[in-house]
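Good morning, everyone, and thank you for making time for this.

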Amino acid sequence: MLIGGLELKNRLCLAPLAGITSLPVREFFTELGAALTHTEMISCAGLIRDNAKTCDMLGTSEREGPLIIQLFAPDSNILIYGAERAIKICKKFSGLGINMACPMPKITKNSCGAALLHKPETAGEMVRGLKTLGYPVWVKIRRLEKDSDTLNFIETLANSGADNVCLHGRTASQRYEGLADRNITRLAAENFPGLISASGDVKSVNDIDEYLSFGCVAVMLARGAIANPFLFSDSVMRIDELIKFAKRAEELCGEHKAVVLMKRFAGSVLRFAEGSADKRKRACMSTSLHEIIEILQEQ
């Protein structure tokens with residue numbers, strides 16, 4: 001499926017996590033089923049200064065899937081120079097990410113991260129600048145205090161050429177406390193179809209389903225994946241469990257009843273599958289349990 005300018009095998013992605021999403025962690029979650037991962041937040045100022053510690057964060061491997069480099073900077077000039085430096089060091093990135101979500105004072109005091117939420121003109125310039133480098137541009141943001149301000153900010157990013165906007169439902173002042181507001185994510189997905197990924201309090205398969213039901217194109221797993229690394233594989237493995245259920249339903253109730261039951265479940269499960277729209281349509285139209293199982297098993 002095409003999400004944010006990239007071909008992904010499903011809708012589950014690993015969000016960027018400072019101090020965590022290093023190379024071995026990204027490989028681990030790729031193996032568990034993450035369709036896309038992010039680097040840690042990487043300082044463009046550090047890249048420009050050729051800081052050894054910063055440049056060491058650019059390491060990649062063949063065991064990773066699509067990878068977004070997540071960059072932070074206070075303005076478009078530093079962002080572009082830093083991105084160019086990163087691309088020169090490593091050409092294996094699938095997309096360029098901008099962090100406009102980090103709420104920590106050591107980041108925001110330098111006009112980076114969530115501080116950019118109050119500088120829409122600068123944010124737009126940053127997106128337009130990165131687009132000139134020829135990569136899909138993914139932006140991670142938080143909600144603002146007013147829903148209208150959040151939607152206006154997303155509109156600025158969309159009009160500037162952002163390929164994907166990951167919305168975390170907490171404000172910067174909340175940091176990581178309280179609950180993520182899912183209503184603003186729903187509003188964003190409705191107003192900007194095909195653009196919004198969801199983040200915030202993704203702790204279960206039900207949480208993933210709810211965000212996808214809003215119309216989000218992808219779901220970013222962050223602290224929930226650290227608490228339960230197998231949330232990725234649990235989501236993907238549901239197809240195997242559903243096939244077992246289908247065969248048992250046929251045994252107990254006959255094929256016709258099993259087909260009816262499978263159609264009720266398959267739509268939700270296939271949200272995670274590559275080519276999900278086509279598969280869901282074919283499963284819904286099928287009158288054969290064998291055919292539905294074949295659709296579920298397609299790679």
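Predicted model: local features only at pLDDT ≥ 70, side-chain atom pairs only at ≥ 80, totals over all residues.

Residues are numbered from 1 along each chain as its sequence is written, and side-chain values use heavy atoms, with hydrogens and water left out.

Let me start with the cores, where a nonpolar core is a set of buried Ala, Val, Leu, Ile, Met, Phe, Trp, Tyr and Cys residues joined through side-chain atoms within 4.5 Å, and buried means under 20% relative accessible area, with a 1.4 Å probe and protein chains only. The largest nonpolar core has 63 residues, and the members that touch the most others are Met100, Ile141, Leu157 and Ile196. Apart from that core lies another, of 16 residues, including Ile3, Leu8, Val217 and Ala222. If we set aside neighbours within four places in sequence, Ile141 is in contact with residues including Met100, Leu117, Phe153 and Leu157, where contact means heavy atoms within 4.5 Å.

Now to the helices, which are DSSP runs (H or I, at least four residues), as strands are (E, at least two), numbered from the N terminus. How do helix 6 and helix 7 pack, and at what angle? Helix 6, residues 120-131, and helix 7, residues 147-160, pack at about 25°, with their axes 8 Å apart; axes are lines fitted to C-alpha atoms, for helices over the stretch in contact, and angles run from 0 to 180 degrees between N-to-C directions. These two helices are therefore roughly parallel to each other, a term that covers angles under 35 degrees.

Ser76, Leu79, Ile80 and Ala83 in helix 4 meet Glu125, Met126, Gly129 and Leu130 in helix 6.

Finally, Thr37 is found in strand 4, residues 37-43, and is buried, with a relative accessible area of 1%. Thr37 lies 22 residues from Ala15 in sequence, yet their C-alpha atoms are 6.5 Å apart in space. Beyond its neighbours within four places in sequence, Thr37 is in contact with residues including Arg26 and Thr30, which are among the buried residues of helix 1, residues 23-32.

How values were computed. Buried < 20%, exposed > 50% of the residue type's maximum accessible area, 1.4 Å probe, protein only. Parallel < 35°, antiparallel > 145°, perpendicular 65-115°, else oblique.
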